[in-house]
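Happy to walk through this one with you.

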Amino acid sequence: MFPFRAALNASTLFPYELGIREQIRVAAEAGYDGIEIWVKDLQQYVADGGTAAELREEAAAEGIEIANAISFIPWADEDEDVRLRAAAQTDQELALLAELGCPSFAAPPFGNVAAATLDRIAVRFGELAKQASGYGVTPIAEFWGRSPKLSRLSEAVYVAMQSRVPGAAILLDPFHMYTGGSDLADLDFLSGSRIGIVHANDYPELPPRETIGDEHRLFPGDGIAPSGEFARRLHRLGYQGFLSLELFLPDVGGSSPLELARHGLDKMKRAYSI
């Protein structure tokens, strides 16, 4: 049984250099329930003359839900001027996401956060959430395994708690749990309602944890990640949301976008079945 909803993160299709309309079409034809877009692709679509409202209608016609957006806003940066520019960026991006009907966006520790305390990051996440609420779009706190701060699930839980944002949710990613040293047992501090979205991927034994990069991510089930146990823990927590296939493939092996997307969906459902 696969008790989750399946989404395709647009990064998985990046080698094909498809526009966002084509990404949505591929996700629909491959059988996904949703798509996790990248804001840069939405902005390019609008720059080329499209509108987010039109894209929203096309996605609905394809039967694809806009699950989440990947954004890189330096909301937690230590430089106040950078954060002021980040606030303007937030307004620009969230206006588009609201028009698209996208419910949320990833909020990773992008920018200069090395000297930031978790308490300051929590305050800034609260400010980001307050700004985003005006658009009806929710930030999801994301931890990055390689980040000097907010690199572990435990730190993300602390930030979410200390932000005092009602219902603050966290983005889970097996690759970042691995590179940052988070443990599966850490998931016990969450509930299904506190998980905003889950990225699906795997990783090999080599290169080692210290040097492995995004380009080494594998399809679920092809590496050493404890995918089955991860899925069982998510299920016990009551999570029934999206698992979003997020890969950064250096080589697609001659597969077409549709073939690769279908293969990814099959691998995800097999690896994360209960």
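Q: Where is Glu17 found?
A: This is a predicted model, and in it Glu17 is found in the loop between strand 1 and helix 1.

Q: Why does Glu17 count as exposed?
A: The cut-off for exposed is over 50% relative accessible area. Glu17 has 73% relative accessibility, so it counts as exposed.

Q: What makes the phi of Glu17 worth a look?
A: Glu17 is not a glycine, yet its phi is positive, about 55 degrees. Most residues other than glycine have a negative phi.

Q: Why is Leu150 called buried?
A: Buried means under 20% relative accessible area. Leu150 has a relative accessible area of 1%, so it is buried.

Q: Where is Leu150 found, and what is its phi?
A: Leu150 is found in the loop between strand 5 (138-142) and helix 6. Its phi is positive, about 60 degrees, although Leu150 is not a glycine.

Q: Which residues of helix 6 are buried, and what covers them?
A: In helix 6 (residues 153-163), the buried residues are Leu153, Glu155, Ala156, Val157, Val159, Ala160 and Ser163. Their cover includes helix 5 (118-133), strand 6 (170-172) and helix 7 (174-180). After helix 6 comes Arg164, with a positive phi near 60 degrees.

Q: How do you know that the span of helix 9 agrees with its number of residues?
A: The expected span is 1.5 Å times one less than the number of residues. Helix 9 (residues 257-271) has 15 residues, so it should span 21 Å; its end C-alpha atoms are 21 Å apart, which agrees.

Q: What covers the buried residues of helix 9?
A: Those buried residues, among them Pro257, Leu260, Gly264 and Met268, have a cover that includes strand 1 (5-9), helix 1 (20-30), strand 7 (195-200), helix 8 (227-236) and strand 8 (242-245).

Q: What makes strand 2 and strand 3 a pair, and in which sense do they run?
A: Two strands pair if there are at least two bridges between them. Strand 2 (residues 34-38) and strand 3 have five bridges, in the parallel sense. Glu36 stands opposite Asn68 in strand 3. Strand 3 (residues 65-70) is mostly covered, with five of its six residues buried.

Q: What is the peptide bond between Leu206 and Pro207, cis or trans?
A: The bond is cis, with omega about 5 degrees. Pro207 lies in the loop between strand 7 and helix 8.

Terms used
Residues are numbered from 1 along each chain as its sequence is written. This is a predicted model: local features need pLDDT of at least 70, side-chain atom pairs count only at pLDDT 80 or more; totals for chains, interfaces and linings use all residues. Side-chain values use heavy atoms; hydrogens and water are left out. Buried means under 20% relative accessible area, exposed over 50%, partly exposed in between (1.4 Å probe, protein chains only). Helices (H or I, at least four residues) and strands (E, at least two) are DSSP runs, numbered from the N terminus. Contact means heavy atoms within 4.5 Å.
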